[in-house]
Amino acid sequence: MTLSQLFTSISENPWPLAIFFIMLPVFAWIIGLAAHGSKDVKFWSYVYAVLVYAVCIPGIFAVTLNIYLFLFERQSVWQANIIMQFLPIISMGLTLMLIKSKIPFSVIPGFGKISGFLTLIFALIGVMWFVDRIHLVAWTYVPFSAILVGFVLTLIAIRFAWSRLF
């Protein structure tokens, strides 16, 4: 099954996916009510970690997919699929806001890895877009391996600079 076939299948029956993304912020709100006043921060941090990963993995995928479709494929916003392209991002934003109001992200195990991964994805897409715009490969006689090494070094430099900045 290709990604296009998966999207077509989900488009034919969008309700399970829509209910999943609508329920994630509702779960965050309910968990926030249940955890209010509790002294067991470690337990609730693991519960929130499951919720964070359940919402961030598809949300980050949707953000990355949207950036790719709009920058590289030149997809029109009018052709965007609301359920698959926007609902995961909205659900991620709402869920993370609800979680942040109850517990700091520093307590949630692995949250730093998600933000670092997101940073790396955005840096990678930014570099790819820059290379696509200037048509670097079309006018240079540099071997592809040297371009690949430069690309990896650029990503490492961006990651290092980002970690020092924030």
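In this predicted model, helix H2 meets H3 through Phe 20, Phe 21, Leu 24, Phe 27, Ala 28, Ile 31, Gly 32, Ala 34 and Ala 35. On the H3 side, the residues in contact are Trp 44, Val 47, Tyr 48, Leu 51, Ala 54, Val 55 and Pro 58. Sorted by class, the contact of H2 with H3 has 15 nonpolar residues, 1 polar residue and no charged residues. The crossing of these two helices, H2 and H3, is left-handed.

The geometry of both pairs is tabulated here.

| Helix pair | Angle | Axis distance |
|---|---|---|
| H2 (residues 15–35) and H3 | about 165° | 11 Å |
| H2 and H4 (residues 82–102) | about 5° | 9 Å |

With an angle of about 165°, H2 and H3 are therefore roughly antiparallel. H2 and H4, at about 5°, are therefore roughly parallel. From H2, the contact with H4 uses Leu 17, Ala 18, Phe 21, Leu 24, Pro 25, Ala 28, Trp 29 and Gly 32. The H4 residues taking part include Ile 83, Met 84, Leu 87, Pro 88, Ser 91 and Lys 102. By class, this contact of H2 with H4 has 14 nonpolar, 3 polar and 1 charged residues.

Asn 66 lies in helix H3, which spans residues 41–71. Its relative accessible area is 6%, so Asn 66 is buried. The side chains of Asn 66 and Gln 85 are joined by a polar contact of 2.6 Å. Neighbours within four places in sequence aside, Asn 66 is in contact with Gln 85, Phe 86 and Ile 89.

Notes
Residues numbered from 1 in each chain as written. Predicted model: local features only at pLDDT ≥ 70, side-chain atom pairs only at ≥ 80, totals over all residues. Heavy atoms only, no water. Helix = DSSP H or I, 4+ residues; strand = E, 2+ residues; numbered from the N terminus. Buried < 20%, exposed > 50% of the residue type's maximum accessible area, 1.4 Å probe, protein only. Polar contact = N/O pair within 3.5 Å; in protein donor to acceptor, adjacent residues only side chain to side chain. Contact = heavy atoms within 4.5 Å. Axes fitted to C-alpha atoms, helices over the stretch in contact; angles between N-to-C directions. Parallel < 35°, antiparallel > 145°, perpendicular 65-115°, else oblique. Left-handed = near helix turned anticlockwise from the far one by under 90°. Nonpolar A, V, L, I, M, F, W, Y, C, P; charged D, E, K, R; others polar.
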